[in-house]
Amino acid sequence: MKLVVTGGAGYIGSVVTSQLLDAGHEVTVVDDLSTGHADAVPQAANLIECRVHDIAPVLKGGGFDGVLHFAAKSLVGESVEKPQLYWENNVVGSYRLFEAVRDAQIPRVVFSSTAATYGEPDVSPITEDVPPRPINPYGHSKLAIDMLLSDYAKAYGFGATSLRYFNVGGARDHFGERHAVETHLIPNVLAVPAGTREKIFVFGDDYDTPDGTCIRDYLHVLDLGEAHLLALDSSEPGQHRIFNLGSGQGYSVMEVLDSARAVTGHPIPAQVKPRRAGDPTTLVASSEKAKSQLGWAPQRKLNDIVADAWAFMNL
């Protein structure tokens, strides 16, 4: 297929672009490089530097078979401080993208959604039937895009899929996480043996879990990317499908630390600090719907995620 990947110079977008190319697809990356990196775009892909808001001329007459939409701002704290950035960039940008998709008659869209649409549900594992109740502007913006995409798919007949990720980690060769502001646990833990942090902070060790620390669902970015390819291939005209993507297995903060210590051989000092407000005890995905309808199942475990992230940091 001839495909467009928005945000393809970012972490997940670049990995998925490399997987699409390996699968024989022709890929055009559209990225404004505000947070992405031009050298993260695989050489076999065509890179067009522009905002997703201005994508219409790229799509019109291009004969594209699908769009994979990753371009977004994604810092929760920033979204609380500056919500206007998230509504303008994420929601307005997606609206203009979907308008361009409609005008160009592109038949399928796969959207990078998020578990943040669920907020802090009381149930675990989290299924797609759990009512979305986001608790910050980032989650609000992503849920708004899900709703927008659903309306467009039904009205204009293209196939749409939203993939709601939980915690993504790992790398593929030289495609990995390079965030200016790093908020993810695994790269922050690995920053200690890499020499850019002295220790890691553990926020709360008195949760109702086996070791007292929060439990989260970690998914390898390669498994995530494979779900995108399956979603593309199984897209159905006029239907908007939503799938949760996670390993289905929770790992505590201490288990992540232990994995990183085993992979790197570094003691990785940790200091316990008080709980952060709003941190749920457990967030784990149910991916049963993705398994039954997409034929997808994650193949990689926590140690694989940590080892590949560590290898990327040492390139």
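Predicted model: local features only at pLDDT ≥ 70, side-chain atom pairs only at ≥ 80, totals over all residues.
The side chain of D279 is joined to that of R276 by a polar contact of 2.9 Å.

Leaving out residues up to four places away in sequence, D279 touches Y207, C214 and R216.

## The nonpolar cores

The largest nonpolar core has 33 residues, and those with the most contacts inside it are I12, L20, L68, Y165 and L245. At least two residues of this core come from each of the strands β1 (2–6), β2 (26–30), β6 (159–165) and β10 (240–245), and likewise from each of the helices α1, α7 (221–233) and α9 (288–294). Helix α7 provides the largest share of this core, with 7 residues.

Apart from this core lies another one, of 24 residues, which includes V30, C50, L97 and L148. As for L245, one of the residues with the most contacts inside the largest core, its partners beyond four places in sequence include L163, Y165 and F166, together with L219, L224, A227, A290 and W296.

## H240 in strand β10

H240 lies in strand β10, and because its relative accessibility is 18%, which is under the 20% limit, the residue counts as buried. Its side chain and that of S162 are joined by a polar contact of 2.8 Å.

When neighbours within four places in sequence are left aside, H240 is in contact with D146, L149, S150 and A153, and also with A160, T161 and S162.

## S14 in helix α1

S14 is found in helix α1, which covers residues 11–22, and at 1% relative accessibility this serine counts as buried. The side chain of S14 reaches the backbone oxygen of Y11 at 2.9 Å.

Not counting residues up to four places away in sequence, S14 touches G8, A40, P42 and F175.

## The second largest pocket

About 200 Å³ of space lies in the second largest pocket. Its lining consists of 14 residues, of which E177, E182, P187, N188 and M313 lie nearest the centre of the pocket. By class, this lining has 7 nonpolar, 4 polar and 3 charged residues.

Two helices, α6 (185–194) and α10 (302–313), each supply at least two residues of the lining. The largest share of it, 4 residues, comes from α6.

## T196, an exposed loop residue

T196 is found in the loop between α6 and β8 (200–203). With a relative accessible area of 63%, over the 50% limit, T196 is exposed.

The C-alpha atoms of T196 and K60 are separated by 45 Å, and these two residues are 136 places apart along the chain.

## Backbone features in loops

Most residues other than glycine have a negative phi, and most peptide bonds are trans. Against that background, the peptide bond from S124 to P125 is cis, with omega near 0°; P125 itself is placed in the loop between β5 (108–114) and α5 (137–156).

Two further residues have a positive phi although neither is a glycine, namely L33, with a value near 60°, and I268, with a value of about 45°. L33 is placed in the loop between β2 and β3 (46–48), whereas I268 is found in the loop between α8 (253–264) and β12. How do these two residues stand in accessibility, and which is buried or partly exposed? L33 is partly exposed, with a relative accessible area of 23%, whereas I268, at 0% relative accessibility, counts as buried.

Note on methods:
Residues numbered from 1 in each chain as written. Heavy atoms only, no water. Buried < 20%, exposed > 50% of the residue type's maximum accessible area, 1.4 Å probe, protein only. Polar contact = N/O pair within 3.5 Å; in protein donor to acceptor, adjacent residues only side chain to side chain. Contact = heavy atoms within 4.5 Å. 1 Å grid on protein atoms, 1.4 Å probe; cavity = no way out; pocket = protein on both sides within 12 Å on 5 of 7 lines; lining within 4 Å. Points joined across faces, edges and corners; volume = space filled by probe spheres on them. Nonpolar A, V, L, I, M, F, W, Y, C, P; charged D, E, K, R; others polar. Core = buried A, V, L, I, M, F, W, Y, C linked by side-chain atoms within 4.5 Å.
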